[in-house]
Amino acid sequence: MRIEELQTPALLVDGTAFAHNLETMSSALPGPRLRPHVKAHKCTALAARQAAMGHPGFTCATIREMEGMAAAGLGQDLLLANEVLDTSRLGALARSGARVTVAVDSEATIEAAARGGVPEVVVDLNVGLPRCGCAPDDAGRLAELARGRGLEVRGVMGYEGHVVGLEDRAQRTELVGQCMELLVKAHAAVGGELVSAGGTGTYDINTWASEIQAGSYALMDTAYGKLDLPFRQALEVLATVVSVSPGWAVADCGLKSLGMDHGNPTIDGASVWFCSDEHLTFSADPLPAVGDRVRVIPGHVDPTVAYHERLHVVDGHDVVEVWPVDLRGW
Ligand SMILES: Cc1ncc(COP(=O)(O)O)c(C=O)c1O
C-alpha cells in the first residue's frame, strides 16, 4: 500500500528514524539497563522490536498494558509503575506465568498487592514530581511492611517527571542528581536489586538508576525534539486539507487525533493556528489546495498514539507494516 491510499488522519512511523532511535538507545543502555516504557506507544509489535534489541523487562502504566504484553509473549518481567487498588487482574496475570511487579506507596496499596496475589513490588518514591510516591524517609518502613505481608520487595522506583523535559541540559543534570540522591538513600533502607527511574530526557544523565524507564525515544515528539537528544522524529499524523479560505487552510486532524497538552503540533513550512475537535487550522505561503496531504508532527507522543488504532510503518511513500495500537483501554 502507498500512503496516498491511507484514510486520514493516520499515524505514520518513519521506519528508518525508528530503527535509528532503537539502536541509539540500546547502545547507550544495553540489555536490562533499559526497561522500555510501553505507555508511549501502546503497541506490542513495537515492543517486540524493543525486546529483540535485548531488553528483557518492560514498564507499563495500566493493567491493560500488562495483560496485553503478557498475551503477546512479552511477560518475562513486567513492572506496573503505578499504584493499583483493585489488583485482582494483576494477581490472575501473575498466576498465569507472567512476572508481575507493582509499585506501592502506602499501606493500602501494599495490602491490595498482598490480597490480590501480586507477588512482587517496588516501593515508589516521590522524588519531586507531585504525583504518586511515598515520602523518601517512609520507604524503609513500607518495605518492611510489604515483607511482613509476604511480598518480595525488588527495590525502589522514583520518576523524575518534572525534570525529563527541561531544555537546559545543565539544569536537567543538576535536578536529576537531587532527585536521585533521595532515591539512592531510600534504596539503602529498602534493599532489593532495582533502582528504577528516568525517561527519554534523562536517559544518559541519570547514572544513579539501575534501569531507565524511557518510552518516548522510540517515536519522539516536538517537546522532546527541543532537547539535545540524539533521537529522530519518527512519528507523524498524516492529514488531508479539506478546506481552504483566503489566508488559511484546514486539515482533517484535530484534538481527537493529537495529544495537545504539550502545545500545538507543527507542520514543516507552515504556521499552525489552532486545533479544534476534528480540524487543524494553519497558514502557509503558498497555501495548499483542497485534497493535498500534510504531515503533522505531534507535541506529545503518548496521548497522540492513544487516540489511534494503528501505526503505519513507512519507507518513503510505501506502507511496509501496519502495527495495531493494541494496548489501549484499561
Ligand atoms: C513512571 C514513568 N516512568 C518513565 C516515564 C518516561 O517516559 P518518557 O521516556 O516518555 O519520558 C514516564 C512518562 O510519563 C512515566 O510516567
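The model is predicted. Its ligand sits in the largest pocket.

**The ligand and its surroundings**

- Which residues are around the ligand? They are H37, K39, R131, Y159, G198, G199, T200, Q213, A214, G215, S216 and Y224.
- K39 has a polar side-chain atom 2.9 Å from an oxygen atom of the ligand.
- For R131, a polar side-chain atom lies 3.0 Å from a ligand oxygen atom.
- For T200, the distance from a polar side-chain atom to an oxygen atom of the ligand is 2.6 Å.

- Where is Y159 found? Its place is the loop between strand 6 (152-157) and helix 7 (169-190).
- Beyond its neighbours within four places in sequence, Y159 touches V127, L129, R131, V164 and G198.
- Two of these contacts, R131 and G198, are also listed around the ligand.
- V127 is 32 residues away from Y159 along the chain, yet their C-alpha atoms are separated by 6.8 Å.

**Helix 2 and what covers it**

- Helix 2 spans residues 44-52.
- Which of its residues are buried? They are T44, A45, L46, A47 and Q50.
- The cover over these buried residues includes three strands: strand 2 (58-60), strand 14 (310-315) and strand 15 (318-324).
- Helix 1 (15-28) and helix 3 (63-71) are also part of that cover.
- G54 follows helix 2, and its phi is positive, near 105 degrees.

**T101, a residue in a strand**

- T101 belongs to strand 4, which covers residues 100-104.
- Why does T101 count as buried? Its relative accessible area is 0%, and buried means under 20%.
- Leaving out neighbours within four places in sequence, the contacts of T101 are M66, L78, L79, L80, E120, V121, V122 and R154.

**Backbone features to look for**

- Most residues other than glycine have a negative phi, and most peptide bonds are trans. The cases below depart from that pattern.
- P9 lies in the segment before strand 1 (10-14).
- P286 is in the loop between strand 12 (280-284) and strand 13 (293-296).
- K42 is not a glycine, but its phi is positive, near 50 degrees. K42 sits in the loop between helix 1 and helix 2.
- K42 counts as buried because its relative accessibility is 11%, under the 20% cut-off.
- M220 is another residue other than glycine with a positive phi, about 70 degrees. The loop that holds M220 runs between strand 8 (211-212) and helix 8 (222-225).
- M220 is buried as well, because its relative accessibility is 2%.

Definitions and conventions: Residues numbered from 1 in each chain as written. Predicted model: local features only at pLDDT ≥ 70, side-chain atom pairs only at ≥ 80, totals over all residues. Heavy atoms only, no water. Helix = DSSP H or I, 4+ residues; strand = E, 2+ residues; numbered from the N terminus. Contact = heavy atoms within 4.5 Å. Near = heavy atom within 4 Å. Polar contact = N/O pair within 3.5 Å; in protein donor to acceptor, adjacent residues only side chain to side chain. 1 Å grid on protein atoms, 1.4 Å probe; cavity = no way out; pocket = protein on both sides within 12 Å on 5 of 7 lines; lining within 4 Å. Sits in = over half its atoms within 2 Å of the grid points. Buried < 20%, exposed > 50% of the residue type's maximum accessible area, 1.4 Å probe, protein only.
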